[in-house]
Amino acid sequence: MRVTSFIFSVLFIIQVQAQNMTDGLLALDCEKYERARNIFTQITEKEPANGLAFYYLGQAYIQLLKPEMARETFQKGIVADTINPANYAGAGQMMLEEGKVAEAKQQFEKALSFSRTKDGRYKDVNAIRFVADAMISAENNKFNNDAVTH
């Protein structure tokens, strides 16, 4: 009986600690930003090349009103996964927040470039979504019309 109880306790602890992207996204969606930050921090430590985890960690920092940490996290995400558009969009969002419109636009264009084909079409809508979310979410939004029409 004790052995069975011990095994279930160990399995429960392992399950609680084994946080994944879905758990983090759910925490963000439910506005549990500290929990999301903890989950995405664990993921980035375990998977340092997971650019998407850095992006969502940066989004959690934005919601926690820690823009410096968000900016730093997006830069780490760019280094970790240089072809993932999410962190370029996040960096652009931070630049837009600072009123650096030209620099933000460069980051957005870089993010979009990863999914644009030679004839100008987009093969991956995720890049568009990340950029549009960044444009719409920025407090100092100079691109609202662009986000809607892009």
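Me: What volume does the second largest pocket have?
Reply: In this predicted model, the second largest pocket has a volume of about 190 Å³.

Me: And which residues line it?
Reply: The lining of the second largest pocket is made of Ile 62, Gln 63, Leu 65, Lys 66, Pro 67, Gln 93, Met 94, Glu 97, Ser 137 and Glu 139. By class, that lining has four nonpolar, three polar and three charged residues.

Me: Which helix gives the largest share of that lining?
Reply: The largest share, three residues, comes from H6, and H4 and H6 each supply at least two residues of the lining.

Me: OK, what about the largest pocket, how big is its volume?
Reply: The volume of the largest pocket is about 280 Å³. Helices H2, H4 and H8 are the elements that give two or more residues to its lining.

Me: Which residues lie nearest its centre?
Reply: Of the 14 residues that line the largest pocket, Leu 28, Tyr 55, Tyr 56, Gln 59 and Asp 133 lie nearest its centre. The residues of this lining divide into six nonpolar, four polar and four charged.

Me: Switching to rings: how many aromatic pairs are there?
Reply: The structure holds five aromatic pairs. In one of them, the rings of Phe 40 and Tyr 56 have their centres 5.8 Å apart and their planes at 25 degrees, so this pair counts as stacked, the cut-off for stacking being planes under 30 degrees apart.

Me: Where do those two sit in the chain?
Reply: Phe 40 lies in helix H3 (residues 33-46) and Tyr 56 lies in helix H4 (residues 51-63), so their pair ties together parts that are 16 residues apart in sequence. Both Phe 40 and Tyr 56 are buried.

Me: What about Tyr 88 and Phe 114, how are their planes set?
Reply: Tyr 88 and Phe 114 form a tilted aromatic pair, with 5.3 Å from centre to centre and 40 degrees between the planes. Tyr 88 is in helix H6 (residues 85-97), while Phe 114 is in the loop between helix H7 (101-113) and helix H8 (125-137), so this pair ties together parts that are 26 residues apart in sequence.

Me: Is Phe 114 buried or partly exposed?
Reply: Phe 114 is partly exposed, because its relative accessible area is 26%, and the cut-off for buried is under 20%. Tyr 88, with a relative accessible area of 8%, is buried.

Me: Which rings are linked into a cluster?
Reply: Ring pairs link Phe 40, Tyr 55, Tyr 56, Phe 74 and Phe 130 into a cluster. Over the face of Phe 130 lies Arg 129, at 4.5 Å from the ring centre.

Me: Now the largest nonpolar core: which members touch the most others?
Reply: Among the 35 residues in that core, Leu 28, Phe 40, Tyr 56, Phe 74, Phe 108 and Val 131 touch the most other members. Two or more residues each come from helix H2 (21-29), H3, H4, helix H5 (67-80), H6, H7 and H8, and the largest share, seven residues, comes from H4.

Me: Last one, where is Ala 127 found?
Reply: Ala 127 is found in helix H8, and this residue is buried, with a relative accessible area of 0%. Ala 127 and Ser 113 are 14 residues apart in sequence, and their C-alpha atoms are 8.5 Å apart in space.

How values were computed: Residues numbered from 1 in each chain as written. Predicted model: local features only at pLDDT ≥ 70, side-chain atom pairs only at ≥ 80, totals over all residues. Heavy atoms only, no water. Phe/Tyr/Trp six-rings, centres within 6.5 Å; stacked < 30°, edge-to-face > 60°. Helix = DSSP H or I, 4+ residues; strand = E, 2+ residues; numbered from the N terminus. Buried < 20%, exposed > 50% of the residue type's maximum accessible area, 1.4 Å probe, protein only. Lys NZ or Arg CZ within 6 Å of the ring centre and 35° of its normal. Core = buried A, V, L, I, M, F, W, Y, C linked by side-chain atoms within 4.5 Å. 1 Å grid on protein atoms, 1.4 Å probe; cavity = no way out; pocket = protein on both sides within 12 Å on 5 of 7 lines; lining within 4 Å. Points joined across faces, edges and corners; volume = space filled by probe spheres on them. Nonpolar A, V, L, I, M, F, W, Y, C, P; charged D, E, K, R; others polar.
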